Amino acid sequence: MADKSKHFHHGRSSRDILDAEFVLESIGLKKGDNFLDAGSGDGYMSIAASKIVGDRGKVFAVDIWEESMNILKKEIQEKKINNIMAIIADISDKIPVENESIDLCYMGNVLHGFVQNEDYNEVMKEIGRILKKEGIFAVIEFIKRENTPGPPIHVRITPEVVEKIVSNHGFEVKKVIEAGKYHYGVISFKKNKTV
Ligand SMILES: C[S@@+](CC[C@H](N)C(=O)[O-])C[C@H]1O[C@@H](n2cnc3c(N)ncnc32)[C@H](O)[C@@H]1O
C-alpha cells in the first residue's frame, strides 16, 4: 500500500499540455473498450475516453486524491456522462475492478512517482491482474529534457526505464511514441498468460 507521506504530485494535471484525443487514438483506444485511467487526477483523459468507448464501453477513473475525484465527479454530473466510474482507491493496493476485465490501461504522468519511491512492483502486479490477455498498457511520461514542463529533471524517467519495468512485469513492448511536445509513450501489451 502506498505510504501517504510520500509525494505523488496530487492535484497536478497535464490537461493543458497533452492532447487527449490524439493520445487516445495513438494508443489504440476503440469503441466498446473498457478503459482504466490509473492515477487519473482530474480525469480529463477519462472524459475524452468516454466519448470514444461509447455506450457499450466503460471508463474507470481511479485516483487516491479525493479533491481530484470531486472535480471529475462534478464534470460527469454537469455533462450527464453515464459510462465513467470515478473511484477513489490506491492503485498500488487494490484497484476495485475484476480480474482480466480491462482492454486498455492508461497511466499518465504517474509511474515516475512510483519509481522515485522505489515501490512500483505492487502497482505493476495490479495492472497485470486487471488487464485482459493481450490488453494494452500505455505509460505516458514527461520527456527527460531540461527547460521543459514537468517534474524536476532528476525525477523524470526515460523510455528505457519504462520499457525495463513493463518487460519485467509480463508485458511486451509494442512501440514507443511521441505523445505531444513534452511527452513520450511506451505502449505494451500483456503477454498471453494467466495472472
Ligand atoms: C502528476 S498527477 C497525473 C494526473 C493525470 N494522470 C494527468 O496526467 O493529469 C499523478 C496522479 O497520480 C495519483 N496517484 C499517485 N499515487 C497514487 C496511488 N497510489 N493510487 C492512486 N492514485 C495515485 C495522484 O493523486 C495524482 O493525481
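The coordinates come from a predicted model. Its sheet is open and mixed in pairing, with seven strands arranged in the order β3-β2-β1-β4-β5-β7-β6. The edge positions are taken by β3 (84-88) and β6 (171-178); each has a single partner strand, so one side of each lacks a neighbour in the sheet. On average, neighbouring strands are turned by 20° against each other, direction ignored.

With β4 (residues 102-108), strand β1 runs parallel and is joined by three bridges; here Phe35 has Leu104 of β4 as its bridge partner. With β2, the pairing of β1 is also in the parallel sense and extends over five bridges, and Leu36 has Phe60 of β2 as its bridge partner. How many residues of β1 are buried? Five of the five are, so the strand is largely enclosed by the rest of the structure. Residues Asn34, Leu36 and Ala38 point one way from β1, Phe35 and Asp37 point the other way, and all are buried.

Helix α3, formed by residues 66-78, touches β2 (58-63) and β3, and its direction makes about 160° with that of β3. Helix α5, residues 121-130, also packs on the sheet, where it touches β1, β4, β5 (131-142), β6 and β7 (183-190). The direction of α5 makes about 140° with that of β5. Seven of the ten residues of α5 are buried, so this helix is largely enclosed by the rest of the structure. The buried residues are Val123, Met124, Glu126, Ile127, Gly128, Arg129 and Ile130.

Two residues may now be examined individually. Val139 belongs to strand β5. Is Val139 buried or exposed? Its relative accessibility is 0%, below the 20% limit, and Val139 therefore counts as buried. Leaving aside residues up to four places away in sequence, Val139 touches Met107, Leu111, Val162, Tyr184, Gly185 and Val186. The C-alpha atom of Val139 is separated by 9.6 Å from that of Val176, a residue 37 places away along the chain.

Ser167 lies in helix α6, which comprises residues 159-167. With a relative accessibility of 36%, Ser167 counts as partly exposed, because that class covers values between the 20% and 50% limits. The side chain of Ser167 reaches the backbone oxygen of Glu163 at 2.6 Å. Between the C-alpha atoms of Ser167 and Ser188, which are 21 residues apart along the chain, the separation is 8.5 Å.

A backbone N or O atom of Ile64 lies 3.2 Å from a nitrogen atom of the ligand. For Asp90, a polar side-chain atom lies 2.8 Å from a ligand nitrogen atom, while for Ile91 a polar backbone atom is 2.9 Å from a nitrogen atom of the ligand. How much of the ligand does the protein bury? Taken alone, the ligand exposes 600 Å², and the protein buries 97% of that.

Conventions: Residues are numbered from 1 along each chain as its sequence is written. This is a predicted model: local features need pLDDT of at least 70, side-chain atom pairs count only at pLDDT 80 or more; totals for chains, interfaces and linings use all residues. Side-chain values use heavy atoms; hydrogens and water are left out. Two strands pair if DSSP finds at least two bridges between them. Helices (H or I, at least four residues) and strands (E, at least two) are DSSP runs, numbered from the N terminus. Axes are lines fitted to C-alpha atoms, for helices over the stretch in contact, and angles run from 0 to 180 degrees between N-to-C directions. Contact means heavy atoms within 4.5 Å. Buried means under 20% relative accessible area, exposed over 50%, partly exposed in between (1.4 Å probe, protein chains only). A polar contact is a pair of N or O atoms within 3.5 Å; within protein, one must be able to donate a hydrogen and the other to accept it, and residues adjacent in sequence count only if both atoms are side-chain atoms. Accessible areas come from the Shrake-Rupley method with a 1.4 Å probe; for residues, only the protein chains shown count as cover.
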